[in-house]
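Let us walk through this structure one surface at a time. Start where the two chains meet.

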Amino acid sequence: MNAFDHWALSGAVFIPILGAVLLAFVPKRLEVEIKAVALLTTVVTAGVGVYLLAHFDYDKTHQLQYAVDRSWIDVISSRYHIGLDGISLPMLALSMFISVLCIVYSWDHFPEPHNPKAFLILLLVLETGMNGTFVAQDLILFFVFFELVLLPMYFMIGVWGGPNRQYASIKFFLVTLFGSALMILSFLALYFKVTLPDGSHTFDIVKLASVHGAGIAHGAQLLIFGGLFIGFAIKVPMFPFHTWLPDAHTEAPTVGSVILAAILLKLGTYGFIRIAIPILPEAAKSWAPWIGVLAVIGIIYGALGCLAQRDMKRLIAFSSIAHMGFVMLGISTLTTYGINAAIFGMVAHGLITGMLFFLAGSIQERFHTRELDRLGGLLLQAPRMGWILGFCAMASLGLPGLAGFWGEFPAILSTYSPAVGLNLALFRTFMVIASIGTVLAAGYLLWMLQRVAFGTVKAEFEHEHIHDMHGPEYLAWTPILVLIVLLGVVPGIVFRVTDKPVQKVTVAHVEQRRSVVTGQTAVGQP
Amino acid sequence: MHALLAVASSFTGPRLDYHALAPEIILTATLVLVLLADLVLEERNQWLISNLAGIGVLASVIPIITLAVQNHAARSMAGGAYVVDDFSLVLKALFLGIGYVVLLMSTNYVEEGDYYQGEYYFLLLASLLGMVVMASARDLITIFVALETLSIPAYMLAGWRKRDLKSNEAAIKYYLLGVLASAVMLYGMSLVFGYTGSTVLTEIGKQVNGSITHKPVITLGIFFIVIGFAFKVSAVPFHFWAPDTYEGSPTPVTAFLSVASKTAGFVALLELIYVGFLGRNDVWGPMFWVLAALTMTVGNLIALRQTNVVRLLAYSSIAQAGYVLVPFAVAGDNIAARRSSFTAAVVYLMIYAAMNLGAFSVVIAVARKTRSGDISSYGGLFEYAPGLTVAMTVFLFALAGIPPAGGWFAKLMVFRAVLDSGTTWAVVLGVIAGVNSVIALYYYAAVAREMWMSPVPDGDVTPVRVPAPLLASLGLTGLVVMAIGVYPQLFAHFGDLGTLVR
């Protein structure tokens, strides 16, 4: 590994925060310079990302690459251990990609009270937190990055948000922190309870995952997994921990909503795949049916919630709950197939829902309202935006050929044969319910499209000149739209990366399956 | 004459290790110099005094460094009553650091106030001297003398603004309850001394762990001593003096009391528990459990309702003391817990000092403009004082324990001690601490919300002018808080020097 490889991943994590520090010294009145520095920072970060992607060894996606393992906090034997494998890679790429586009989009759309300097500093700090979470291979390091995301988002919602921003931001913060408190207790419990073969204790995710929770009593495993479950489920968010999401999304400024939907929600599902399931496979199996139940409740509840909304942004927020339900359903099967689908679903949802939030933001900027009753005829006034909205609605409802399909459909399919030891009838019931969910999804998305884009322009906006897409919007949206199509046509580019590491995640269950399969023939069950 | 000389020569004074005592000696010399300077200097040159005090404090850090690099075994004096070891060196450095930051915070505050300057610094240094002595005290008398040396000047400092009713109230409450606590503690000490026949903690430790372990008199003695210190560290239900005293005192003094004086109380407790009463965790274990649970919960719940920022920080510091009490509650459970509790308590005290002093520095800076301590006066601070706002945000979220600001590591160490013990009671306490951290976030975030999200109450957006010393104290504390948060190892090994842990 050459010197640049050694530093590249740390660079990808810390360049944004260095940019933020640099920004702090640029006087507030030099707005263009501030924006340029911020954009440059994210572009350089993304450049490092491109380098990482280009030099990644795609034959060994299950191995940690660009790994750095240095001493950090010896007293608690926590180490600065980062690395990139096939699960982290798509998430890191998504995070860097969206961050650049968010700055491009907000170039001259800074929400009130303006102040681009503070806004961009927060955005850059946020990026460090997100990138760091996706590459951390040590539980304490993961926790630090996971929490680092909270503060900037809290301020982003609370300062630049809508009328009800203070309530929404504190709710977001408190609920998430409650989950984090349980999560860190579970991390500590893992440290104390898991004994490595050489008798030592560790926070290292790779080492912890390699022993599959050996030495922990089943009851304790269930409790620890419960703590992790609540911590991650709040972030996802899963029903019934979702209540912070509609408020946060509705009040957040456009860019905040985009980042929230595209990346922050993924921190939760990523936590399940990276930490909870590989480290405690036995407990995961006991919890899986419950995760599945909550996932399908989320799918149906989210969809029904959508149908009851009058606010476009709130509708998209509820649709996030439904979509993340599909992701969690894939994870709950504990199969390679299901988890691969889940990761694809995470990427697809990030792109599509992120794009929908961009659109909602732009529509609000033009019409000064997001109320579905007052909107209408977007295709007449701003045809390009109208068509893009239609395109994204199609992608979101899982139209084959677009990215959304490959997250949703395989996730449903995976419930047909969940990991051995899970109740087959129950999971097939989930399959039926989830399929109904897709119909509802088509329902609410088309309903939204119909009310926003079709029909005639409402009287109050009839004589108003509505500007169609402008420069920054073209620049920010085109890459997303291209990717939605690209991933829809060639989903293999993601699956190829994720498959091997996911096999490693589910290996504990596969081993079990083999032993059960051999037992099955003896008993003579079908 | 000859007879007199003979008597004099037969008296053998205690062997003094001047190198080991150098910090105390320099501090005492500075104290005298400050008093003299106050007499000599004219009114317009009085600003020199604070510089003199600051230089003195920094100078007393030098022997601590030389002692530390020598890597000498513990230097014991006066038959084990006064010990200079790694533990005491680190805590002396901590106290002097706190003292220096408080001096920085006081400089402009005292200069611009209507009251005497010289005496203020004299009292502050005297109190600091008591704390430095406390870090080395290993016997009941020395602990008591150190405690009074640090407390009596503090009573007077609390009443510094003598024409202000609230300041008078602060001082009188602090004084009465402080004296009561001393009396209770002294009674406990006399019981322990009466039974063991020694005031030296190691000797007491031998006896308490040995033959007389379950004598009720010892139980009673430990009980009273712990209660006495519970007053000093303002643990619930012995906390009633704290909010009024903190609110009424001059703000730098409040910072000093809530950080230094509290830390001194905990240092004494560490010495007493770890050296003297280790064998009787059946007495102090449950006591600390109850104190910790109550202190965290009550402190946080009352803090939720505060509208004055100093009172809020007062209750928050009560709650923070509750987190420090948690390791004490689990220290006796097993050897691993004993070690990690010690580390947790020391590390917590160090981080707490940095973040709380930082928060108070911001309060002083903001009050220079708004002349108010109401949380509502912080509205829109971000618009006209973004630097102070960011600093305050860092300190508040450090106190709340959100990474990457330093406090998270302190809480993590506490949780580690809890899980090292692993008993059901310990885990229950850990859960109480966890729930409390979430409650606490609410009021810390409320201040942040006011600063970032509310409009400026009177529309006055002239920037806040922060004088250089205050800026230095903000910079120092902020740097320490962030450094600990990002690279805790830098400070964590200070807590690992378990010279008291056997």
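Chain B and chain A bury about 3,100 Å² between them. Carbon and sulfur atoms give 80% of that area. Keep in mind that this is a predicted model.

What touches what? On chain B, 32 residues are in contact with chain A. Chain A answers with 32 residues of its own.

Now look for polar links. How many salt bridges does the rule find across the interface of chain B and chain A? It finds zero. Polar contacts do occur: five residue pairs across this interface qualify, with both residues at pLDDT 80 or more.

Next, trace the side of chain B that touches chain A. Five helices of chain B each supply at least two residues to it: helix 15 (381–384), helix 16 (386–400), helix 17 (407–421), helix 18 (424–453) and helix 20 (489–492). Which of them gives the most? Helix 18 of chain B does, with 10 residues. By residue class, this side of chain B divides into 22 nonpolar, five polar and five charged residues.

Turn now to the surface of chain A. A nonpolar patch is found there, formed by A:Val482, A:Val485, A:Leu486, A:Val489, A:Val490 and A:Ile493. Together these residues have about 470 Å² of accessible area. Which helix gives the most to the patch? Helix 19 of chain A, residues 471–489, supplies four of its residues. A:Leu486 is a patch member, and it lies in helix 19 of chain A.

Key
Residues numbered from 1 in each chain as written. Chains lettered and ligands numbered in written order. Predicted model: local features only at pLDDT ≥ 70, side-chain atom pairs only at ≥ 80, totals over all residues. Heavy atoms only, no water. Contact = heavy atoms within 4.5 Å. Buried area = accessible area lost by both parts, 1.4 Å probe. Salt bridge = Lys/Arg side-chain N within 4 Å of Asp/Glu carboxyl O. Polar contact = N/O pair within 3.5 Å; in protein donor to acceptor, adjacent residues only side chain to side chain. Nonpolar A, V, L, I, M, F, W, Y, C, P; charged D, E, K, R; others polar. Patch = residues over 30% accessible without salt bridge, like charges linked within 9 Å, V, L, I, M, F, W, Y side chains within 5 Å. Areas by Shrake-Rupley, 256 points an atom, 1.4 Å probe, with all protein chains shown as cover.
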